[in-house]
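This briefing looks at charged side chains, how they pair and where they gather. Please keep the sequence and the model in view while reading.

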Amino acid sequence: TQGLPDNAVIVRVALRIKTAGIIGTDPFTTHGFLKVDVKTGAFHDNPLLERWDFHAIGSQGSVGRFRVGENGWYRAPLKAAAFSTIDRVGRTQFRLRFGIDDDDDGAADILEFFSGNAANAADRPELVITYYLP
């Protein structure tokens, strides 16, 4: 977001992630929606992923939910209320979580996504911001 002009008026934001694999049952069929929480800065005061991030309070919860797209890409349009949480010069973190934590079948159901440091840059998550300049 550092390249976003200071006077940009944000009209749409979407988070896109690409699936890398599925182990067990696709959680989208058993765990409800994959929801997005957002935090201006870092969830637990550290930009690196750590276990405390999943318990930390975000700037806003449930700001979007993913829909299955094409070619393994999932897309989550964010609610307009979340636009103000996007740090234009620093870090903004997103946390993903399913609506249901477990389907109680005793088997692992894992949905893998490519990360921001995936070897192929075309597989990395994207934050798509649509804006205009007044």
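Is Asp37 buried or exposed? Asp37 is buried, with a relative accessible area of 4%, where buried means under 20% relative accessible area, exposed means over 50%, and partly exposed lies in between (1.4 Å probe, protein chains only). The model is predicted, and local features need pLDDT of at least 70, side-chain atom pairs count only at pLDDT 80 or more, and totals for chains, interfaces and linings use all residues. Residues are numbered from 1 along each chain as its sequence is written, and side-chain values use heavy atoms, with hydrogens and water left out.

**Salt bridges in general**

- Side chains of opposite charge can pair when their charged atoms come close.
- A search of the whole structure finds four salt bridges, each being a side-chain nitrogen of Lys or Arg within 4 Å of a carboxyl oxygen of Asp or Glu.

**The network around Asp37**

- Asp37, Arg95 and Arg97 are linked in a network of salt bridges.
- Arg95 pairs with Asp37, their closest N and O atoms being 3.2 Å apart, and this pair links distant parts of the chain, with Arg95 in strand E6 (residues 92-98) and Asp37 in strand E2 (residues 34-40), 58 residues apart.
- Strands (E, at least two residues) and helices (H or I, at least four) are DSSP runs, numbered from the N terminus.
- The side chains of Asp37 and Arg97 also meet in a salt bridge, at 2.8 Å from N to O; because Asp37 lies in strand E2 and Arg97 in strand E6, the pair ties together parts that are 60 residues apart in sequence.
- Arg95 counts as buried, at 12% relative accessibility, whereas Arg97 counts as partly exposed, at 31%.

**The pair of Arg16 and Glu126**

- Arg16 forms a salt bridge with Glu126, with 2.8 Å between the closest N and O atoms, and the pair links distant parts of the chain, Arg16 being in strand E1 (residues 9-23) and Glu126 in strand E8 (residues 126-132), 110 residues apart.
- Arg16 is partly exposed, with a relative accessible area of 24%, and Glu126 is partly exposed, with a relative accessible area of 31%.

**A patch of negative charge**

- Asp101, Asp102, Asp104 and Asp105 gather in a patch of negative charge on the surface, a patch being made of residues with over 30% relative accessible area and no salt bridge, in which like charges are joined within 9 Å.
- Asp105, found in the loop between E6 and strand E7 (110-113), is partly exposed, with a relative accessible area of 44%.

Technical notes. Patches are made of residues with over 30% relative accessible area and no salt bridge: like charges are joined within 9 Å, nonpolar side chains (Val, Leu, Ile, Met, Phe, Trp, Tyr) within 5 Å. Accessible areas come from the Shrake-Rupley method with a 1.4 Å probe; for residues, only the protein chains shown count as cover. Lys and Arg count as positive and Asp and Glu as negative; His and the chain ends are not counted. The place of a charge is taken as NZ of Lys, CZ of Arg, CG of Asp or CD of Glu.
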